[in-house]
Amino acid sequence: VTGASFVVFNGALKTSSGFLAKSSIVEDGLMVQITRETMESLRQALRDKKDFKITCGKIDAEDLKEYVDICWVENEEEANKG
């Protein structure tokens with residue numbers, strides 16, 4: 001589990017790269033490189049307020065996978081508001 005101050009989703013990953021998606025820590029945030037198709041699905045999930053899971057790693061690797069989970073929660077935190 002990684003906490004981050006910000007998340008960047010980059011939809012320019014080519015399917016020919018051999019990766020499902022890539023995640024990397026940049027400064028105090030997270031950058032997730034995804035394909036155009038995954039970006040379209042992510043946008044729709046955000047519009048619909050649905051949870052979304054991005055599987056990161058090489059397409060042919062079976063055992064080493066990372067996941068970026070986007071989850072909607074019920075409670076609203078009051079910290080850092082305003």
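I began with the largest nonpolar core, which consists of 12 residues: Ala21, Leu30, Val32, Ile34, Met39, Leu42, Ala45, Phe52, Ile54, Cys56, Val68 and Ile70. I took a nonpolar core to be a set of buried Ala, Val, Leu, Ile, Met, Phe, Trp, Tyr and Cys residues joined through side-chain atoms within 4.5 Å, with buried meaning under 20% relative accessible area, exposed over 50% and partly exposed in between (1.4 Å probe, protein chains only). Two or more residues of this core come from each of β3 (29-33), α1 (36-47), β4 (52-58) and β5 (66-70); helices (H or I, at least four residues) and strands (E, at least two) are DSSP runs, numbered from the N terminus.

The model is predicted, and local features need pLDDT of at least 70, side-chain atom pairs count only at pLDDT 80 or more, while totals for chains, interfaces and linings use all residues. Residues are numbered from 1 along each chain as its sequence is written, and side-chain values use heavy atoms, with hydrogens and water left out.

Of the 82 residues in the protein chain, 20% are buried. Among contacts with a separation of 6 or more, 40% are between residues 24 or more positions apart. The accessible surface comes to about 6,500 Å², and carbon and sulfur atoms hold 49% of that area; accessible areas come from the Shrake-Rupley method with a 1.4 Å probe, and for residues only the protein chains shown count as cover.

Next I followed strand β2 (residues 19-26). Which way do β2 and β3 run relative to each other, parallel or antiparallel? They run antiparallel and are joined by five bridges, with Ser24 of this pairing standing opposite Met31 in β3. Strand β2 is also joined to β4, again in an antiparallel arrangement, by two bridges, and there Phe19 stands opposite Lys58. Two strands are counted as paired if DSSP finds at least two bridges between them.

A charge sits over a ring if NZ of Lys or CZ of Arg is within 6 Å of the ring centre and within 35 degrees of the ring normal. By that rule the charged end of Lys22 sits over the ring of Phe19, 4.6 Å from its centre, and the charged end of Lys53 sits over the ring of Tyr67, 4.6 Å from its centre.

Then I turned to the loops. Thr35, in the loop between β3 and α1, counts as buried because its relative accessibility is 8%. Beyond its neighbours within four places in sequence, Thr35 is in contact with Gly11, Leu13, Thr15 and Leu20.

In the loop between β4 and β5 I looked at two positions. Asp60 lies there and counts as exposed because its relative accessible area is 63%; its C-alpha is 8.4 Å from that of Phe19, although the two are 41 residues apart in sequence. Lys65 is found in that loop too, but it is partly exposed, with a relative accessible area of 26%. Lys65 touches Leu20, Thr55, Cys56, Lys58 and Ile59, not counting residues up to four places away in sequence, and its C-alpha is separated by 9.9 Å from that of Ala21, 44 residues apart along the chain.

Last, I looked up backbone angles. Most residues other than glycine have a negative phi. Glu27 is not a glycine, yet has a positive phi of about 55°; this residue lies in the loop between β2 and β3, in a hairpin with two residues between the strands, and counts as exposed at 78% relative accessibility. Lys49 also has a positive phi, near 55°. I located Lys49 in the loop between α1 and β4, where it counts as exposed because its relative accessibility is 59%.

How values were computed: Contact means heavy atoms within 4.5 Å.
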